[in-house]
Amino acid sequence: MISRETIDEIRSRLDIVDVVGDFVTLKRSGQNYKALSPFSNEKTASFYVVPSKGIFKDFSSGKGGDAITFVMEHEGMSYVETLRYLAKRYSIDLKEDHQRSAEEQSQYTERDSLYGLMNYAKDQFKDLLFNTDDGRGIGLSYFRERGFNDRTIEKFELGYTLDAWDHLSKKALGIGYTDDLLAKAGLIVKRDDGRFYDRFRGRVIFPVHNLSGKVIAFGARILTKDKDQPKYINSPETDIYHKSHVLYGMYQAKNAIRREDFCYIVEGYTDVISMHQAGIDNVVASSGTAFTEEQIKLIRRFTENVTVMFDGDAAGIKAALRGIDLVLKGGLNVRVVLLPDGDDPDSFSRKMGTTELKQYLKDHAKDFISFKIDLLAQESGHDPIRRAEAIREIVTSISHIPDPIKRSVYIQETSTLLKMQEDVLQTELNKITLTERQKTAPAEKGRNRNVPGPPPDDAPPVFVPGEDEPVSTRSIAAKIERQERESVRLLLCYPEEAFEPDVRVIDYMVAELEDVEFDNYIYKEIFTAFLDNYRNGVVIDQMHFMEHGTSDIKSIVAELTTRRYEASKGWSVEKIHFPEEKEIVHDAVYSCVIRLKYYKVQGMMEGKLQEIKQAATPEEEEEHFTIFIQLKGAEQELAAILGIVVSK
C-alpha cells in the first residue's frame, strides 16, 4: 500500500491545470479554464477546471472531481495506478517491488495487470534490442539505417523480439503472469488445443502509448523478405486498447501540437518517428486506416487545425481523400501537403534538413477544399459528366463542414475556381444537406413539427413570469430537493463566511437544519459530514469530499462549486455593479433555509392529508387533522417571511 504521507505529498504537489492540460487543451475563462469535453462529443465547451479549488467539472457528461479523479476517469486507471502515475510525473519517490509474486499479482485488478504486463513486455523488447546479438545486429541496425539516434529510439521506446516461439511468454510466466492474461493482452496466440505461442517474433517493435504514456499495444515489422508473413502485425483489440480511439505518436506529440496549434497527420509508425528525428514533433499517424470520430475528437482536444501529408503517388492521394470528409465533419480545419512523387514522409524527411523541411511544408500546405477542387478539375478535364460528378463530390465535402460561414466561403471559392454560378452550387449544397438530415433523423418523418416533444433530461428549468418556481420544479418533492441542493452548495462555498457578527454560515445552518432530515441521499451524506465534523470542532470544505467522497459525491461537489458564467468586464467599465454572492451571503443563506423549511412543511402537510383520507377511525382522523392544522400554522408563518400568499 502507498503510505498516507506519500499520498499527501502527491496531493500537495498536484496542479490540476497541469495534470488536465496533459490530456486537454485548456483556454482561460476568467479565473477558470474551459475546454471541449474529453468524455463526450460536443461542439460547445462545457468542461471547466477551477484551479483555485483544484477541481474539474464536465457539465456534458456529469463527471467531476479533483486531478486524481480526472486521471482515473480519463485513463480508466485504479486509484493506486493513478497515484503511481502522478508520483512518477512529479518525481515523487515510490518504493515498491515491480516484480510481484503470483499472490501479489492476483490482488490487482485485471486492467491494472494488463498495464503492468504491457510495460513488462516493452521493457523486455527494449532490453533485447540493445543487449542481444540479434537485437543489435538486426533490430538496431534497421533503426540506424532509418537514421534514428538513441534519443529518438528511447523517446518512442522502440524494441526488438527474438525469432523464438515462446521467449516472452516463458519469461512472463516465470514471474507470475498467467497465460490467460498474456492472451488478453494480445501477446500470445492460443490454439484450440490449449497450446500457445508468442504473437511477436523476429520483428522490430513499435510500442503504442495512451495519452498518459502507458503502453497499450504494439506494432511489429518483419525485416526479412518472407512472402508468407505480413510486413506488419499489430496487437488485437483488448480491454485497454481500442484502435479507433488511438493515434500513434499522440503521447509524444501532444505538447508540440498544443504549442504549434496544428497537427500533421501521416500514415505509419516510421513516418512519425522520422518526422520527430527531423525536428518536427507535432505529428501523429492514422496507422493506415480511415479516420474515426473518436480519433478526430482526440485531435480536437489539442487543436482544430490539421495538415494531412499525402504520398506523391495517385493511389496514396485517392486513399487519403476518402477519409478526409469525416475530419471536416468533425469541425477540423484541414490543409494538405502533397509530397513529391515517389516519396512518403519517412523518406522525404530523411532527404532534407530540418529548416528546409519546415519551409517546404509551410510553402506547400494548401487548404483541403481548394486542393480537392484542383485535383478533381484536372481529372474530369472537358468531360461534362465527370465534371458534374466532380462538382457534386466537392460540394458534398463542403456540406460536411459544420461552420456555416466556412461553408459559404468555400462555395464562393468553388464558384470562382470552377466558373460556376454560386446559387447553383448553393442549391446543390442545400439539397445534399437536406438529404443527410433525413438520413440521420428518420424519426422526424411524419411528425408534426409544430408540436414540441418532451424536453431533454438536461434541459434548464423554464421560468414563467409571475410564477414563484420553474415549471420543472413545481412538485413539492422537486422543490425540496432543489433547496437541499442549494443548502449544500452554500455550505460548500461559504462555510466560514460571516452570516452576521460572530456567527458563521456553518454556525447558522447547523443550528437551523440539524434536525431536518434531507431526502436526497447524496445531499444528506454531504450535510451529515459537515454536521459530524462540526460537532467535533472541525469545519470541512470541498477538498474533504475530493479526498474521502465517492465518485458521485465528488461529481456533485465539483458541480456545485464550479461557476459556469461570470459577468462581463464591460459592466464594470460602464460602472454597473453586480454584487458577488459573497457580498449577499446572509440573504442567500437565510432565504435558502426558510424555503427549505417551508417546502418541508408543505411536504409533511401532503403526507398528513393522505393519512387523514386513510384514517380507520374518527379518533385517528382527528389526531392527524390536529397535526395538519399545526403544520398549516407553520406554513403560514414561513410564507409570511418569504412574502408568499397561501390559502387558509
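I counted the secondary structure first: the chain has 28 helices and 18 strands, taken as DSSP runs numbered from the N terminus (helices H or I, at least four residues; strands E, at least two).

I noted that the model is predicted, so that local features need pLDDT of at least 70 and side-chain atom pairs pLDDT 80 or more, whereas totals for chains, interfaces and linings use all residues. Residues are numbered from 1 along each chain as its sequence is written, and side-chain values use heavy atoms, without hydrogens and water.

I looked up burial next. Of the 648 residues in the chain, 46% are buried (under 20% relative accessible area, 1.4 Å probe, protein chains only).

I then turned to contacts (heavy atoms within 4.5 Å). Among those with a separation of 6 or more, 65% join residues 24 or more positions apart.

I found 28 aromatic pairs in the structure (ring centres of Phe, Tyr or the six-membered ring of Trp within 6.5 Å; planes under 30 degrees apart are stacked, over 60 edge-to-face, the rest tilted). Phe-23 and Tyr-85 have ring centres 6.5 Å apart and planes at 55 degrees, so this pair is tilted. Because Phe-23 lies in the loop between α2 (16–21) and β1 (27–29) and Tyr-85 in helix α4 (residues 79–89), the pair ties together parts 62 residues apart in sequence. Both Phe-23 and Tyr-85 are buried.

I checked charges over rings (NZ of Lys or CZ of Arg within 6 Å of the ring centre and within 35 degrees of the ring normal). Lys-254 lies over the face of Phe-23, 5.1 Å from the ring centre. The charged end of Lys-214 sits over the ring of Tyr-115, at 5.2 Å from its centre.

Terms used:
Buried < 20%, exposed > 50% of the residue type's maximum accessible area, 1.4 Å probe, protein only.
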